[in-house]
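Please study the sequence and the three-dimensional structure shown below. The paragraphs that follow lead through it step by step.

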Amino acid sequence: MMDDDLRRNVAAELSWDPQVDSDAIEVSAASGVVTLRGIVTSFRSNRAGGRAAARVRGVKRVANELQVQIPDKDRRDDEDLRGDVLEALMLDVSVPTTVDAQARDGFVTLTGTAQWHYQREAAEFRTATVPGVAGIDNAISLTRTPDAREVETSSDGLVILSGTVSSWAAHDHAVAAAWSAPGVTQVADRIRIESTP
């Protein structure tokens, strides 16, 4: 696929997705790498733009360079933002009570521990939905709870994924499967996406 075709296809996908402010996003493409630039009004919109671009056939990688500029009406002081994030986390049963949050100038740092990667992802996803969040640093550590099958392993919870797949969907399934294995605390993702013509 030619770069200009890929750029047009990504721009069309961004326009189609109601969670994305496509008018604020400039798209460029080079050899399957799509770059998103512009200013969006929420971190949620930033993530939605990246996900929408990754769905397009022919995209090998997304360089999400979107900047988040929170509108004045959504700006909050650090303590109010932290309180809203903690409330959102508390209401999500997937997020363990061992997760904490700190806020500074719209940027939220998630700390604490979780047993599973999906719990870390749930905390980050839930935080991204809180108005006023401009960025997230997910520093939640995974605790390892060995069972009988893991006692003989010495991998320290690291899984390395490598190889080539033909789509982002296949990539995402492989990564999700790795994170779903008991005892996994780190996934080194070295999978390449190469679309077939």
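What volume does the largest pocket have? In this model, which is predicted, the largest pocket has a volume of about 830 Å³. Its lining consists of 20 residues, and those closest to the centre of the pocket are Arg-47, Arg-51, Glu-121, His-171 and Asp-172. Helices H2, H4 and H5 each contribute at least two residues to the lining. The largest share comes from H5, which provides six residues.

H2 comprises residues 43-54, and its twelve residues should span 16 Å at 1.5 Å a residue. Is H2 mostly covered or uncovered? It is mostly covered, since nine of its twelve residues are buried. These buried residues are Phe-43, Ser-45, Asn-46, Ala-48, Gly-49, Gly-50, Ala-52, Ala-53 and Ala-54. They pack against several other elements, namely helix H1, strands S2 and S3, helix H4 (117-128), strand S6 (135-138) and helix H5 (168-180).

When its neighbours within four places in sequence are left aside, Asn-46 is in contact with Val-40, Asn-64, Leu-66 and Val-68.

The next topic is the charged side chains. How many salt bridges does a search of the whole structure find? The search finds 13. One of them joins the side chains of Arg-8 and Asp-4, with a distance of 2.4 Å from N to O. Both residues belong to helix H1 (residues 3-16), where they are four residues apart, or about one turn of the helix. A further salt bridge links the side chains of Arg-8 and Asp-5, at 2.5 Å from N to O. Arg-8 and Asp-5 are three residues apart in helix H1, and so they too are separated by about one helical turn. An α-helix has 3.6 residues a turn, so residues three or four places apart point the same way. Arg-8 is partly exposed, at 42% relative accessibility. Asp-4 likewise counts as partly exposed, at 39%, and Asp-5 is partly exposed with a relative accessible area of 31%.

Another salt bridge connects strands. Glu-65 pairs with Arg-37, and their closest N and O atoms are 3.0 Å apart. Because Glu-65 lies in strand S3 (residues 61-68) and Arg-37 in strand S2 (residues 33-40), the pair ties together parts that are 28 residues apart in sequence. Glu-65 is partly exposed, with a relative accessible area of 41%, and Arg-37 is partly exposed as well, at 36%. Elsewhere, salt bridges that share partners join Asp-4, Asp-5, Arg-7 and Arg-8 into one network.

Two further strands, S4 and S5, form a hairpin with two residues between them. In the turn, Asp-105 has a positive phi of about 55°. S4 (residues 99-104) and S5 (residues 107-114) run antiparallel and are joined by six bridges. In S5, Thr-111 is the bridge partner of Asp-100. Which residues make up the covered face of S4, and which the uncovered one? Val-99, Ala-101 and Ala-103 form the covered face, whereas Asp-100, Gln-102 and Arg-104 form the uncovered one. In a regular strand the side chains alternate between the two faces of the sheet.

Finally, attention may turn to a loop. Asp-23 has its place in the loop between H1 and strand S1 (25-30). It counts as exposed, because its relative accessibility is 77%, and the limit for an exposed residue is over 50%. The C-alpha atoms of Asp-23 and Ser-195 are separated by 28 Å, and the two residues are 172 residues apart along the chain.

Definitions and conventions. Residues are numbered from 1 along each chain as its sequence is written. This is a predicted model: local features need pLDDT of at least 70, side-chain atom pairs count only at pLDDT 80 or more; totals for chains, interfaces and linings use all residues. Side-chain values use heavy atoms; hydrogens and water are left out. Buried means under 20% relative accessible area, exposed over 50%, partly exposed in between (1.4 Å probe, protein chains only). Two strands pair if DSSP finds at least two bridges between them. A salt bridge is a side-chain nitrogen of Lys or Arg within 4 Å of a carboxyl oxygen of Asp or Glu. The expected span of a helix is 1.5 Å times one less than its number of residues. Contact means heavy atoms within 4.5 Å. On a 1 Å grid over the protein atoms alone, a cavity is a set of points where a 1.4 Å probe fits but cannot get out, and a pocket is an open set with protein on both sides within 12 Å along at least five of seven lines; lining residues have an atom within 4 Å of a point. Grid points are joined across faces, edges and corners, and a volume is the space filled by probe spheres set on the points.
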